[in-house]
Amino acid sequence: MNFFDSLGVFSIIAVILSIAAVVAAFIFIVPQKKREKLNLAGRIVHDILNFRFLILEKVCQAAYIFLTAFLIIAGFFLLFAAPWSGCYGRRLWLGGYGFLLMILGPIVVRLIFEFLMMALLLVKNVISINNKLRAPGEQSDDADHFGDDSDLDELRQLIRSRIANRAQKPAFTRSHPADDAGAAAPEAAPEDTPSHVDPDGDHPDLD
């Protein structure tokens, strides 16, 4: 069996396992009535599978921060770049391009991501308005809880509380063996003086 034959077999197995995962998810995780029986990790998976919050929003925020920082740092390094030019027979200072990159680059990136975020924010605001206009006794489904990341907030609080508990836990200090021996040894009680012995230690004459 060559590589392509084994790849085909693995692909068939992967398809079968993926179908089984879909069926299991729709039985045990996706339904709303199953959510209350799940633990914190299960509720987070439930919210992800039901698209109750947007991962794309966080991805766009991370990409915007990365590109902005990259343009500013790259423009700063261009201030000190002066590569040799064979056409002009001298070195060319690229500081002008660096200033343009540091000033205009973040502005252009900001405008692009603002157009992307407008669509995401529009969806979130429309659903938020829909939830506020809903009648108090009306039932809601998964789509109406879109944007609710209370489970993620609960997970963050759990992680922060565990970190705080570890920080407040006193460090283990090893005591000196002599101190342990002194602490473990009980105080010696004074011995009782026998009745037939004088306080001076002499034995009385026996009749």
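Colleague: Which residue forms a salt bridge with arginine 52, and how far apart are the closest N and O atoms?

Modeller: A salt bridge here is a side-chain nitrogen of Lys or Arg within 4 Å of a carboxyl oxygen of Asp or Glu. Arginine 52 has aspartate 47 as its partner, with the closest N and O atoms 3.0 Å apart. Before we go on, this is a predicted model, where local features need pLDDT of at least 70 and side-chain atom pairs count only at pLDDT 80 or more, while totals for chains, interfaces and linings use all residues. Residues are numbered from 1 along each chain as its sequence is written, and side-chain values use heavy atoms, with hydrogens and water left out.

Colleague: What else is linked with Asp47 and Arg52 in a network of salt bridges?

Modeller: Arg35 joins them in that network. Arginine 35 and aspartate 47 form a salt bridge whose closest N and O atoms are 3.3 Å apart. This pair ties together distant parts of the chain, 12 residues apart: arginine 35 sits in the loop between α1 (3–28) and α2, and aspartate 47 in helix α2. Helices here are DSSP runs of H or I with at least four residues, strands are runs of E with at least two, and both are numbered from the N terminus.

Colleague: Are these charged residues, arginine 35, aspartate 47 and arginine 52, buried or exposed?

Modeller: We read that from relative accessible area: buried is under 20%, exposed is over 50%, and partly exposed lies in between (1.4 Å probe, protein chains only). Arginine 35 is buried at 9%, aspartate 47 is buried at 2%, and arginine 52 is buried at 3%. Over the whole protein of 207 residues, 18% count as buried.

Colleague: How many salt bridges does a search of the whole structure find?

Modeller: It finds four. One of them joins glutamate 57 and lysine 124, with the closest N and O atoms 3.2 Å apart. Here too distant parts of the chain are linked, glutamate 57 in helix α3 and lysine 124 in helix α4, 67 residues apart. Glutamate 57 is buried, with 11% relative accessibility, whereas lysine 124 is partly exposed at 29%.

Colleague: You keep naming helices. What pattern does the protein follow along the sequence?

Modeller: The order is α-α-α-β-β-α-α-α, with six helices and two strands in the protein. In helix α2 you will find glycine 42, which is buried at a relative accessible area of 14%.

Colleague: Where does α4 have a kink?

Modeller: A bend is the angle between axes fitted to the seven residues ending at a residue and the seven starting there. In α4, a kink of about 35° lies at leucine 104, shortly before proline 106. Pro106 is among the buried residues of α4, which also include Gly105, Val109 and Phe113.

Colleague: And what does the exposed side chain of methionine 118 tell me?

Modeller: Methionine 118 belongs to helix α4 (residues 95–133) and is exposed at 53% relative accessibility.

Colleague: Which rings are linked into a cluster by ring pairs?

Modeller: Rings of Phe, Tyr and Trp (its six-membered ring) pair if their centres lie within 6.5 Å; planes under 30 degrees apart are stacked, over 60 edge-to-face, and the rest tilted. By this rule there are four aromatic pairs. Phenylalanine 76 and phenylalanine 80 have ring centres 5.3 Å apart and planes at 75°, so they are edge-to-face. The cluster itself contains Phe76, Phe77 and Phe80. Phenylalanine 76 is partly exposed at 40%, and phenylalanine 80 is exposed at 62%.
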